[in-house]
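Keep the model open as you read.

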Amino acid sequence: MSRTWQVAEVLVSLAAMAVAAAGVVVRRPPRRTAWLLLVAGLAAFALGDLVALTTSTQQGLGPADVAYLAAYPLLVAGLHHMRRRGDPALDRAGLVDAAIIGTTAALGYWVFLVGPGIDEGSWSTKAASVAYLVLDVALLAVATRLVAPGPTRAVPSLLALGVAAILATDVVYALRPVGDRADLSAPLHLGWLLGAALLAAAAIHPDARRPVTAAPDSHEAISGVRLMLLGAVVLIPPTLMGLEAARGDYDDVAVLSVGLVVLVVLVISRVGLLVRDMAVTAARERTLRTAAAELVAAGDRAGIHAAALRALERLVGPTAVTSRLVDVTSADEVELVAGGSRNQAKIRGRALATTLLPYADTATPDGVPVGSLDHETLVSLGLRGMEGRLHVRPVQVNDELLALVVLVTTGPLDASRADALLTLVAQLALALESATLAADLHVRQSEARFRALVQNSSDAIVLVDRDAAVTYQSPSVERMFGYPPGALIGRSFEDLCHPDDLLRVQSGLTDVLASPGVSRRLELRLRRLTGGWLDAEAVVNNLQADPNVRATVVTVRDVGERKQFEMQLTHAAFHDELTGLANRALFTDRVAHALARRERDATTLAVLLLDLDDFKTVNDGLGHAAGDSMLRAVAERLSALVRPGDTTARLGGDEFAMVLVDLPNEQSALHAVERIHSVLGQPLVIEGKEVFVQASIGLAFAGSGPVTPEEVLRNADAAMYVVKTDGKGRYAVYQPHMHAAALHRLDLRADLQRALDNDEFALHYQPIVSMATGGVVGVEALVRWMHPQRGLVNPDAFIPLAEETGLVVPLGLWVLERACRQVVEWSVTNPGLSVSINVSQRQLRRGEFGDEVGQVLEATGIEPSRIALEITESAIMADVETTIERLQALKALGVRLAVDDFGTGYSSFSWLRQLPVDVLKIDKEFVDELGRREQGGFLVAAIIDLAHNLGLRTVAEGIERPTQLARLKDMHCDLGQGFHVGKPMPPEQVVDLLAAERGKHRAVDAGWAS
């Protein structure tokens, strides 16, 4: 940094501090503490510049940085104090907005500015970087609350621009390499100097006398744009994670994850505040409508006073201390009415109103202290000894003062309450004017003034006689319904009502028309002139006894937007977001109604549960977006199949459900299931690829006796599980024994978890022999479950369940480690022995599986070439490209790889050439054909020749007869296993077998390793 610029920066900083201090003294702004904090912040900046000028430059956190860092909290506190509302509840939304902006900025600041260089420099340099990050973000968050749509204010704009200049310069400074930050360029000096100058200009500006209230009101309605912006903010951390991942940097994942959680919480809080504010706004609108009706219904000035004060208390809420109504009854006197009591007094002369008028002319949301009134006025109003903010609003029509509303609150009024107060004052003005004219004019003139009151209402107002015939319609009727003036006169109000609402409306009107003074609120649909229907809320007041009205007043308000919003919420609560189908809650309700109707009409009812087969393959192979497209396409096909009375639902994931009602017989449901299979079997084009969909369907009928929706769904689920177990792509009708099987499956699942914890599993080993010598060269490890109550459990009963629940992962790892340790023990006397271990598809899909195998190899000390990992052909072909990568990683460890059940899947020769495997295991179903018919051996011979041509060894599984063994030897199959050559046996029997083998054969085949 050149010394000239340093001197300039010190001078400008001191000047900015002095100007800001002078502005506080001269302008005397409200909330002077906030401006003094601003001056203190500028003073801290000036101190930092002075220290930087008089001391040598150093890396890390120096004395100048301490001064600079002290300035930021002072600025943050000052700006927050300027914008802080009087009502903390209303300020909460602004604080949440600031927190959202601050969190988002902090993430970007960390990822692009602080994080990349956090490992550089000393601890003090890192501390300085983090401190500037925190303080810059806090300053940005509080500064954004000064800017809002609407008319531009000078002081908030200057403050915001000043903060922006400081923050922009900080960002540019942070982007410089650590070693270059000492040599600052002129633009950096100018940025900080400009920021200080703008802050000082805000303090000295004449507009500083006014409160800084530029932030938007918290009662804004929820809009699509606002929700999209809140949603976009939540997407920023994942986007940054993607950018980090694209450049191979994962250091900031933890920070971004925490930021994402914070943003989600803040956005949910913000939406909650918006919803709450909508409810508050709706309540105020209802209060104003009620007040308008009460003011219209008031028969005299006393009634108007009472209605106005009640409405005032409801509008202002708990912030109100007390209220007064100063009614100018004549040129010589006023009537003072105290809110919350029956205290009324007439005061001669208009001195009181004249004293209060200046406060009405300078009315602001902040109000003025009650103590600013003179003693005599305080006594007259009954406010002596009270504390709070005084608000005075004139009630006038055509510049004629009718009354003054005097309100004392604990703090400033927010914008929404202030607007509502003005609306109430306008309604009160019309009511008082009508009451004044009613006292002086005859009935016809009074009715005309009454119409003026009605015509200026934003709601549609009609008057009806004792027969519910319309005698008057306000101009707003044309705006709301399209009927020109006079079009409804003489027509019955009931003719406008929707037929479905008519009985309810007739009942309500009958009660009101029969009892003067009765009021009732109705929700109904009214016909527009164009033929459509308007969702409306009507307040019906019987004023037949009022000589100035002599009719029933119907005040109608359009509630279409509210109804639409309620319908959207209801739809979201009972429908699936992705497909638009019914969700589980709505489906269960529909089934319950269908069951009740079935008992009444004695018809057949069926519930179908559909689960898409191999849906995960689409998700893994084409991505989740393609999976979503497939689900939507399936939903459209299913929806097209059902009748109007039926219901289709998505229960979650790839599981759908249908309820078929009013069926003539059970055979109709079976025909429907066949149509579903036929339609779903037609190919889909997803992401440019042709996809074939199959579904496993469970069908359950509601019996003749009582049954609940949960029971029917449970039965359909049990039937569907049977289909899944027996081969998928089919359907099954529920039978009572299926429920017992489902319960057995649940018990087995719980026992399976306990079995892992209690070490109830054991390994048996099936010998693998050399076809050339007949000697044992290896064993295949087969897991067995010794259940404490059920005894030995067949692997077919628990392996699929372990796959489904994910327990196959820890079980497979246990088998791998136990088998390796056993073979290491046997290798002392049988050094050429190999072990074959099955690997499930779920294990292979896990990216960490290769590391787990490596850890087992290291822990057991086994020679990797003595291990053969067997993977089924279908597991390999589920995701070939990813599988090849995983297999290559395993191959790099030195283990052998075998394709199990070869020939039963759908692999092609081209993929087989690319697979890094060593062995093909010929499936038992092909070996079974040997010796039965001449053609049975052609396929086995072809597989053996193919394997040898590719340099692979072959193992024939399921050898059970001597003829099969002889044929396989003739075909030059390398190895074999099966009951004929050796059954699975516990470890102690394997020891005896190996001992016998050593006695018979001194030369052992090299086994899998050769």
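Of the 1010 residues in the chain, 48% are buried. Bear in mind that this is a predicted model. The chain holds 34 helices and 27 strands. Its accessible surface is about 46900 Å². Carbon and sulfur atoms account for 57% of that surface.

Now look at how the chain contacts itself. Take the contacts between residues at least 6 apart in sequence: 65% of them join residues at least 24 apart.

Helix α20 spans residues 624–641, and helix α21 spans residues 666–680. Their axes lie 10 Å apart, and the helices pack at an angle of about 145°. The crossing of α20 and α21 is right-handed. On the α20 side, the contact is made by V634, R637, L638 and L641. Helix α21 answers with R675, I676, V679 and L680. By class, this contact of α20 with α21 has six nonpolar residues, two charged and no polar ones.

Move on along the chain to a second pair. Helix α25 covers residues 808–826, and helix α27 covers residues 849–860. Their axes come within 10 Å and cross at roughly 30°. Angles under 35 degrees count as roughly parallel, and α25 and α27 are therefore roughly parallel to each other. Helix α25 passes α27 in a right-handed crossing. From α25 come L813, L816, E817, C820, R821 and V824. They meet E852, V853, V856, A859 and T860 of α27. The contact of α25 with α27 has seven nonpolar residues, one polar and three charged.

Notes
Residues are numbered from 1 along each chain as its sequence is written. This is a predicted model: local features need pLDDT of at least 70, side-chain atom pairs count only at pLDDT 80 or more; totals for chains, interfaces and linings use all residues. Side-chain values use heavy atoms; hydrogens and water are left out. Helices (H or I, at least four residues) and strands (E, at least two) are DSSP runs, numbered from the N terminus. Buried means under 20% relative accessible area, exposed over 50%, partly exposed in between (1.4 Å probe, protein chains only). Contact means heavy atoms within 4.5 Å. Accessible areas come from the Shrake-Rupley method with a 1.4 Å probe; for residues, only the protein chains shown count as cover. Axes are lines fitted to C-alpha atoms, for helices over the stretch in contact, and angles run from 0 to 180 degrees between N-to-C directions. A crossing is left-handed if the near helix is turned anticlockwise from the far one by less than a right angle, and right-handed if clockwise. Ala, Val, Leu, Ile, Met, Phe, Trp, Tyr, Cys and Pro count as nonpolar, Asp, Glu, Lys and Arg as charged, and the others, Gly among them, as polar. Angles under 35 degrees count as roughly parallel, over 145 as roughly antiparallel, 65 to 115 as roughly perpendicular and the rest as oblique.
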